[in-house]
Amino acid sequence: MLNKSKQEANVIVEKARQEANDNLKKAEKLEERLLEKEEKLETKLDEISKKQESILDREEKLKQEQENLKHKQEELDNKLSQMSKLSIEEARDLLLKQIAEKYEKDSVTQIEKYKK
């Protein structure tokens, strides 16, 4: 009878150990899955952060371009206003003078490059 009780106790202990091992394995698998999900979320978060930074950079560049375009438009408006006050001959002379000045600067720059 004592022997039988010991056997039953051993069976119960063995079942308990098996259940504990099974539960431990399940917990380890669950932990592994959670770590994988956490890594995926971190990767996605990094990607989102990079995209956000890229968007912010592009937005800043677009704002600068918009300011440049606004400035150019104001310059053109001023030139048109000035030219409308001129006679056709004066406007032609002014335009030719501006073109000559622009290309003179370009040619001086090119000559200086070749001198080096």
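This is a predicted model: local features need pLDDT of at least 70, side-chain atom pairs count only at pLDDT 80 or more; totals for chains, interfaces and linings use all residues.
View 1. At 25% relative accessibility, L94 counts as partly exposed, where buried means under 20% relative accessible area, exposed over 50% and partly exposed in between (1.4 Å probe, protein chains only). L94 lies in helix α2, which covers residues 88-115; helices (H or I, at least four residues) and strands (E, at least two) are DSSP runs, numbered from the N terminus. Residues are numbered from 1 along each chain as its sequence is written, and side-chain values use heavy atoms, with hydrogens and water left out.

**View 2. The salt-bridge network of E89, R92 and D93.** A salt bridge is a side-chain nitrogen of Lys or Arg within 4 Å of a carboxyl oxygen of Asp or Glu, and by this rule the count comes to 3. E89 and R92 are paired at 2.7 Å, N to O, and, being 3 residues apart in helix α2, they are separated by about one helical turn. R92 also forms a salt bridge with D93, whose closest N and O atoms are 3.8 Å apart. The shared partners join E89, R92 and D93 into one network. E89 is partly exposed at 45% relative accessibility, as is D93 with a relative accessible area of 41%.

**View 3. The salt bridge between E59 and K63.** The closest N and O atoms of E59 and K63 are 3.9 Å apart, and the two residues, 4 apart in helix α1, are separated by about one helical turn. E59 counts as partly exposed at 37% relative accessibility, and K63 counts as partly exposed at 45%.

**View 4. Charged surface patches.** Patches are made of residues with over 30% relative accessible area and no salt bridge, like charges being joined within 9 Å and nonpolar side chains (Val, Leu, Ile, Met, Phe, Trp, Tyr) within 5 Å. R33, K37, K40 and K44 form a positive patch; K40, in helix α1 (residues 2-84), is exposed, with a relative accessible area of 56%. A patch of negative charge gathers residues including E28, E32, E39 and D46, and E32 is likewise found in helix α1.

Note on methods
Accessible areas come from the Shrake-Rupley method with a 1.4 Å probe; for residues, only the protein chains shown count as cover. Lys and Arg count as positive and Asp and Glu as negative; His and the chain ends are not counted. The place of a charge is taken as NZ of Lys, CZ of Arg, CG of Asp or CD of Glu.
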